[in-house]
Amino acid sequence: MRVSHSIVRRLCTCPFGPPSAYHRARPPFPAGVLDRILERAARRKQTSGVLQVIDVGCGTGRPALELARRGASVTAVDPSLAMLQVLSREAIAAGFPVKTVLGCAERLGGDDGSADLVTCFDAFHWFEARPALCEFARVLRPSGLHVVAWNDLTELDTLEALGFCVPRPNDKWAGVFTSSGLFKPLPEGSASSRGSCAPSAGLERDSHEFWCNAASLARLCRTYRFGRMLPREVRMGKEPSAAHCAADTLAKQLWRLSRASTRAASAKEPAVGQGDGNSPWDDGYFDDGTESIRLEYVAKTYTMQRRL
C-alpha cells in the first residue's frame, strides 16, 4: 500500500478521532447501490451457493455489514486491527457474520478463483494500483466482478474556493482500471438513469443525502477524510486541540453552506436530526443542537468484470 502500517496505526489514534468515531460519522452508501452490486454479481455467478465477497480496505465495515445483511458471505480485509475490531463488534451486535482478515490489497492471501465479487468502498486510493488489481484478478472466479466506489461531497468546489485543501483522488481511476488489461468495464455500467453520468465506461453516479446535526457534523469533520483538507502542519501535529479547532472551523463553514441550501430546499421548519443532540459550539450558529442539515453526496461506482 502507499501508506505504511505505522501510518495507518497513527491514523487510528490521531486527533481526528478513533475508529469508533469514524464509524459513527461515516455517511453510508445508498441501499440501491449495494443492491445493484450484489444483483449483478449474482447474475454472473457460475457456481451454486452463497455469493462470496471480499471487501478490501473495509475500515470499520459499514458497507461490509450491509452486504452481509443482504445474504452475502463477506470477508473483510484491512491493515488496521483497530478498524477490524470495530467491525467485529458491530457484526456480532447485528447478528451478521463477517470474517475479518488483517492484511492489505496487494497481498490478500486466500485461494485463486475463490471470490465472486471484490469491492473497495472509499479505499482504492490507498492501494498500489497494479499489484492490487493483479491480486483482485487472482482471487476472482472467471467473469467475477470488481467494484470500486466512493462517496463524494457535492460541496467540494465551494470548500476549495474558501481556501481548504480538497484532495480529489477519485476521478482519475477509469484509465487505470482499463489499462491494466485485467478487467473490462461492465457495459451496463456505462450509462445510468440515476443522474448525470461521466463518459468513463463502467462509471455510475447516484445522488443521495446524509442528514446530521452539529454534533454529528463535528465528528464527521474530525475523521481522516475531512482531516486531509486541513493544513499539513495541523494534520501532522501532535496537539489534538489544534486539530479539533481546525476541524471545527471546517465544520462551521460546511454547516453554513449546507444550512442555507437545506432551508432553501424546504419551506418547512428544520427537521430533527439523527445526531446526539449535543451541539459542540455555543456561538449561535447551531441553535440547541437539534436542527439538522442535509449534506448532498454523489456515490461514484466503477463496475468491472474480470477478463477470461
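Author: Happy to! Let me begin with the cysteines: this structure, which is a predicted model, holds zero disulfides.

Reader: Okay, and are C104 and C120 buried or exposed?
Author: C104 counts as buried, because its relative accessibility is 4%. C120 is buried as well, with a relative accessible area of 0%.

Reader: Thanks. Zooming out, how many helices and strands does the chain have?
Author: There are twelve helices and eight strands. The chain has 308 residues, and buried ones make up 50% of them.

Reader: What share of the contacts is between residues 24 or more positions apart?
Author: That share is 77%, counted among contacts with a separation of 6 or more. As for the surface, the chain exposes about 13,700 Å², and carbon and sulfur atoms supply 53% of that area.

Reader: Before I get attached to details, what is the mean pLDDT?
Author: The chain averages 78, and 73% of its residues reach 70 or more. Among the elements, strand β1 (residues 52–56) has the highest mean, 98, while helix α1 (residues 5–11) has the lowest, 39.

Reader: Where does pLDDT stay under 50?
Author: One such stretch is residues 1–16, for which the model has 39 contacts beyond four places in sequence. Another is residues 189–199, where the pLDDT is below 50 and the model has 24 contacts beyond near neighbours in sequence.

Reader: Good to know. Switching to charges: how many salt bridges are there?
Author: The count comes to 14. One of them joins D206 and R36, whose closest N and O atoms are 2.9 Å apart. D206 sits in strand β7 (residues 203–212) and R36 in helix α3 (residues 31–44), so this pair ties together parts that are 170 residues apart in sequence.

Reader: Are those two buried or exposed?
Author: Both D206 and R36 are buried.

Reader: Nice. What about D116, which residue does it form a salt bridge with?
Author: D116 pairs with R141, and the closest N and O atoms are 2.7 Å apart. D116 counts as buried because its relative accessibility is 5%, whereas R141 is partly exposed at 21%.

Reader: And R294, which side chain does it meet?
Author: R294 meets the side chain of E209 in a salt bridge, at 3.4 Å from N to O. R294 belongs to strand β8 and E209 to strand β7, and they are 85 residues apart. R294 counts as buried, with 14% relative accessibility; E209 is partly exposed, at 44%.

Reader: Which residues are linked in a network of salt bridges?
Author: D35, E66, R69 and R70 are linked that way.

Reader: Let's move to D78. Where does it lie, and what does its side chain reach?
Author: D78 lies in strand β2 (residues 73–78). Its side chain reaches two backbone nitrogens: that of G59 at 2.8 Å and that of S80 at 2.9 Å.

Reader: Why does D78 count as buried?
Author: Because its relative accessibility is 7%, and the cut-off for buried is under 20%. Beyond four places in sequence, D78 touches G57, C58, G59, M83, L84, V101, L102 and G103.

Reader: Tell me about helix α6. Which residues are buried there?
Author: In α6 (residues 129–139), the buried ones are A129, A132, L133, E135, F136, A137 and V139. They pack against β1, β4 (115–121), β5 (140–153), α8 (174–179), β6 (183–185) and β8 (293–306).

Reader: Last one, where is M229 found?
Author: M229 is in the loop between α10 (224–227) and α11 (232–235). M229 is buried, with a relative accessible area of 7%. The C-alpha atoms of M229 and C165 are separated by 4.5 Å, though these residues are 64 apart along the chain.

Methods. Residues are numbered from 1 along each chain as its sequence is written. This is a predicted model: local features need pLDDT of at least 70, side-chain atom pairs count only at pLDDT 80 or more; totals for chains, interfaces and linings use all residues. Side-chain values use heavy atoms; hydrogens and water are left out. Helices (H or I, at least four residues) and strands (E, at least two) are DSSP runs, numbered from the N terminus. Buried means under 20% relative accessible area, exposed over 50%, partly exposed in between (1.4 Å probe, protein chains only). A polar contact is a pair of N or O atoms within 3.5 Å; within protein, one must be able to donate a hydrogen and the other to accept it, and residues adjacent in sequence count only if both atoms are side-chain atoms. Contact means heavy atoms within 4.5 Å. pLDDT is the predictor's confidence in each residue, from 0 to 100. Accessible areas come from the Shrake-Rupley method with a 1.4 Å probe; for residues, only the protein chains shown count as cover. A disulfide is a pair of cysteine sulfur atoms within 2.5 Å. A salt bridge is a side-chain nitrogen of Lys or Arg within 4 Å of a carboxyl oxygen of Asp or Glu.
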